[in-house]
Amino acid sequence: LLRSLQHYWSIDHLDLELPSVQSAIDELRVRVAASIEPNIDDQIANCTRKIEIAAYFLALLELARWGMVELAQEDWLSSIAVRHKSEGVVISEWSQ
């Protein structure tokens, strides 16, 4: 039964254009270093799909993990502020 459902559960037939997390990281590094759009709401304003928002959020988390940005939020409903911390040489697991 499970073998017969294997094709049913697959999403290989979908032609998905997924956003690049690495591209989002590269774009955010430039924007944050230039102090352009200092909060996440401004960063994702031009996103048209939820998956793009997810890519930018992952990118911000990666930049915070690498110590390149600092993220702050007053409470769980407020916007996430983004502050540039430093530049460094980063080898990203998201790049191909």
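How many residues does H4 have, and how far does H4 reach from its first C-alpha to its last? H4 has 16 residues and reaches 23 Å, close to the 22 Å expected at 1.5 Å a residue; the expected span is 1.5 Å times one less than the number of residues. Before going on, some ground rules: this is a predicted model, where local features need pLDDT of at least 70 and side-chain atom pairs count only at pLDDT 80 or more, while totals for chains, interfaces and linings use all residues. Residues are numbered from 1 along each chain as its sequence is written, and side-chain values use heavy atoms, with hydrogens and water left out.

Now the overall layout. The protein chain has four helices and two strands, in the order α-α-α-α-β-β from the N terminus. These elements are DSSP runs numbered from the N terminus, with helices being H or I of at least four residues and strands being E of at least two. Of the chain's 96 residues, 23% count as buried; buried means under 20% relative accessible area, exposed over 50%, and partly exposed in between, using a 1.4 Å probe and protein chains only. As for contacts (heavy atoms within 4.5 Å), take those between residues at least 6 apart in sequence: 54% of them join residues at least 24 apart.

Back to H4, which covers 50–65. Its buried residues are Ala55, Tyr56, Ala59, Leu60, Glu62 and Leu63. Looking down the axis of H4, they fall within an arc of 160 degrees, so they line one face of the helix; the arc is taken over directions from the helix axis to the C-beta atoms. The face turned away from that buried side carries the exposed residues Lys50 and Arg65. What covers the buried residues includes H2, H3 (40–43), E1 (69–72) and E2 (81–84).

H2 (21–33) is the next stop. Its end C-alpha atoms are 18 Å apart, which agrees with the 18 Å its 13 residues should span. Buried here are Val21, Gln22, Ala24, Ile25, Leu28, Arg31 and Val32, and these pack against H3, H4, E1 and E2. At the start of H2, a side-chain oxygen of Ser20 comes to within 3.3 Å of the backbone nitrogen of Gln22. After H2 comes Ser35, with a positive phi near 60 degrees.

So what sits in the middle of the picture? The largest nonpolar core has 17 residues, and Leu28, Tyr56 and Leu63 touch the most other members. Such a core is a set of buried Ala, Val, Leu, Ile, Met, Phe, Trp, Tyr and Cys residues joined through side-chain atoms within 4.5 Å. H2 and H4 each supply at least two residues of this core. Leaving out residues up to four places away in sequence, Tyr56 touches Ala24, Glu27, Leu28, Gln43, Ile44 and Cys47.

Past the end of H4 you meet Gly67, whose phi is positive, near 80 degrees. Gly67 is in the loop between H4 and E1 and is partly exposed, at 23% relative accessible area. Its C-alpha is 6.9 Å from that of Lys85, 18 residues apart along the chain.

Then comes E1, where Leu71 is found. Leu71 is partly exposed, with a relative accessible area of 29%. Neighbours within four places aside, Leu71 is in contact with Leu60, Leu61, Ala64, Ile80, Ala81 and Val82.

Notes:
Polar contact = N/O pair within 3.5 Å; in protein donor to acceptor, adjacent residues only side chain to side chain.
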